[in-house]
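Student: I have a structure to go through. Please set the terms against the values.

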Amino acid sequence: MRYRLTFIAGVALGYVLGTRAGRERYEQLKKSARQFTENPAVRNAAESAAHSGRDIAGKAYHSVSDKVPASVAERVRSLRDRSSQNGFEDDWGTTNT
């Protein structure tokens, strides 16, 4: 019984100390991630990647939409209309010119 009680006390103490150290490490990682995302170079890279991705998606949409049969295009349009009625807007394939 004495060994069992000692073991349980050791586990409880290890848990408390481990969670405190884990929480400190989590806060440290969170702070460094926030600093990384607030870096202007990282923000510019992310924005340019998103912009070029939209451009490429728009070009792909236009090149594929010419080759898709009308029946498939109509089904896609009906699905897009149905999803926009549910409050979900999709601007994929649109160009901002």
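Tutor: Start with Val-11, which sits in helix 1 (residues 2–37); helices are DSSP runs of H or I, at least four residues, numbered from the N terminus. This is a predicted model: local features need pLDDT of at least 70, side-chain atom pairs count only at pLDDT 80 or more, and totals for chains, interfaces and linings use all residues. Residues are numbered from 1 along each chain as its sequence is written, and side-chain values use heavy atoms, without hydrogens and water.

Student: Why is Val-11 called partly exposed?

Tutor: Buried means under 20% relative accessible area, exposed over 50%, partly exposed in between (1.4 Å probe, protein chains only). Val-11 has 44% relative accessibility, so partly exposed is the term.

Student: What makes Phe-7, Ile-8 and Val-11 a nonpolar patch?

Tutor: Patch residues need over 30% relative accessible area and no salt bridge, with nonpolar side chains (Val, Leu, Ile, Met, Phe, Trp, Tyr) joined within 5 Å. Phe-7, Ile-8 and Val-11 form such a patch on the surface, with about 310 Å² of accessible area together. Areas come from the Shrake-Rupley method with a 1.4 Å probe.

Student: How do you know that Glu-27 forms a salt bridge with Arg-23?

Tutor: The rule asks for a side-chain nitrogen of Lys or Arg within 4 Å of a carboxyl oxygen of Asp or Glu. In the Glu-27 and Arg-23 pair, the closest N and O atoms are 2.9 Å apart, so the pair forms a salt bridge. Both residues lie in helix 1, four residues apart, about one turn of the helix. By this rule the count is one salt bridge.

Conventions. Patches are made of residues with over 30% relative accessible area and no salt bridge: like charges are joined within 9 Å, nonpolar side chains (Val, Leu, Ile, Met, Phe, Trp, Tyr) within 5 Å. Helices (H or I, at least four residues) and strands (E, at least two) are DSSP runs, numbered from the N terminus.
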